[in-house]
Amino acid sequence: MAKAIALFLFLGSMVSASFAQGISVSPSRLFFKGLPGETVTQVITFSNTSKTEMNFISSIKDWNRDSTGLKQYYPGGQLSSSNAKWLALSSNSVSLAPGETKEINLNLKIPNDSTSNRLSNSMLFFTQVKAQKSSARTANMGVDILFEMGIQVYHIPEGLSAGELEFLAFEERSQTNSADTTRKMAVKIKNTGSINKDAYVRFELTNTSSGEEIQMKPVAIAMLPNAEQWVNLNLPAKLKGKYLVVAILDAGSQYDLKVAEKEITY
């Protein structure tokens, strides 16, 4: 019977490779381009830097993001934006000896229908498994699932509208109860385009009386086409006075910076 250990590794949206447990997998995202009817191929590279053999099996799921940007997963082919059924690997399992590097091909066959005219996506998972020898208590071979790595797979047809990232709302969401006070702001962002986008939201906090400035850590976001997402900002709990909060939306040099402001008094 299979046993699962609750340790999952999902490749980050802004990195090119994953490094964990002595294994690296590259790239973390695959962007396919091609015309309807074509089959296009990209290479996935595995490197085992550990001193033990590593074995992986593959699976494909659909995914999108909820209103806060967290990924949600579904069976492959369930979502209208899915390209899971277009994909085929040159090998559905990967075995790596210590120190070995290996490549496998991922093929994407673009259909001759309307689904090829919009951005589609899926998530390709590689799950590490470790075979266990049978014992006197069981006659079956067991499998330990150690961790998973997910690669985002996109098909981007030519001519899609880039659109923009726009602020839709800027809200103060502080909460006070008898035990605690939580200072929080939230901005709502929309991707008006037909392609996925990466961006940073930077927040600047200024006391309008003293001029004191508080720099907050930027928040990285990734948004699918036409998506709306809330980005939360936790503020220092002991703020007192009147403040100007500025949110700056930076999607890269090809897009204009967007700025939103809100005054708050604590």
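1. Six aromatic pairs occur in the structure, which is a predicted model.

2. One of the pairs joins Phe46 and Phe126. The ring centres are 4.9 Å apart and the planes stand at 85°, an edge-to-face arrangement. The two residues come from distant parts of the chain, 80 residues apart: Phe46 belongs to strand 5 (residues 39-48) and Phe126 to strand 11 (residues 120-132).

3. Are Phe46 and Phe126 buried or exposed? Phe46 has a relative accessibility of 0% and therefore counts as buried. Phe126 is buried as well, its relative accessible area being 0%. The cut-off for buried is under 20%.

4. Phe56 and Phe147 form another pair, with 6.3 Å between the ring centres. Their planes meet at 70°, so this pair is edge-to-face; the class requires an angle over 60 degrees. Phe56 sits in strand 6 (residues 54-65) and Phe147 in strand 12 (residues 142-155), so the contact ties together parts 91 residues apart in sequence. Phe56 and Phe147 are both buried.

5. The two pairs should be read together. Phe46, Phe56, Phe126 and Phe147 are linked by ring pairs into a cluster.

6. Which rings have a lysine over them? The charged end of Lys61 is placed over the ring of Phe125, 5.6 Å from the ring centre. Lys71 lies over the face of Trp63, with a distance of 5.8 Å to the ring centre. The distance limit for such a placement is within 6 Å.

Methods
Residues numbered from 1 in each chain as written. Predicted model: local features only at pLDDT ≥ 70, side-chain atom pairs only at ≥ 80, totals over all residues. Heavy atoms only, no water. Phe/Tyr/Trp six-rings, centres within 6.5 Å; stacked < 30°, edge-to-face > 60°. Helix = DSSP H or I, 4+ residues; strand = E, 2+ residues; numbered from the N terminus. Buried < 20%, exposed > 50% of the residue type's maximum accessible area, 1.4 Å probe, protein only. Lys NZ or Arg CZ within 6 Å of the ring centre and 35° of its normal.
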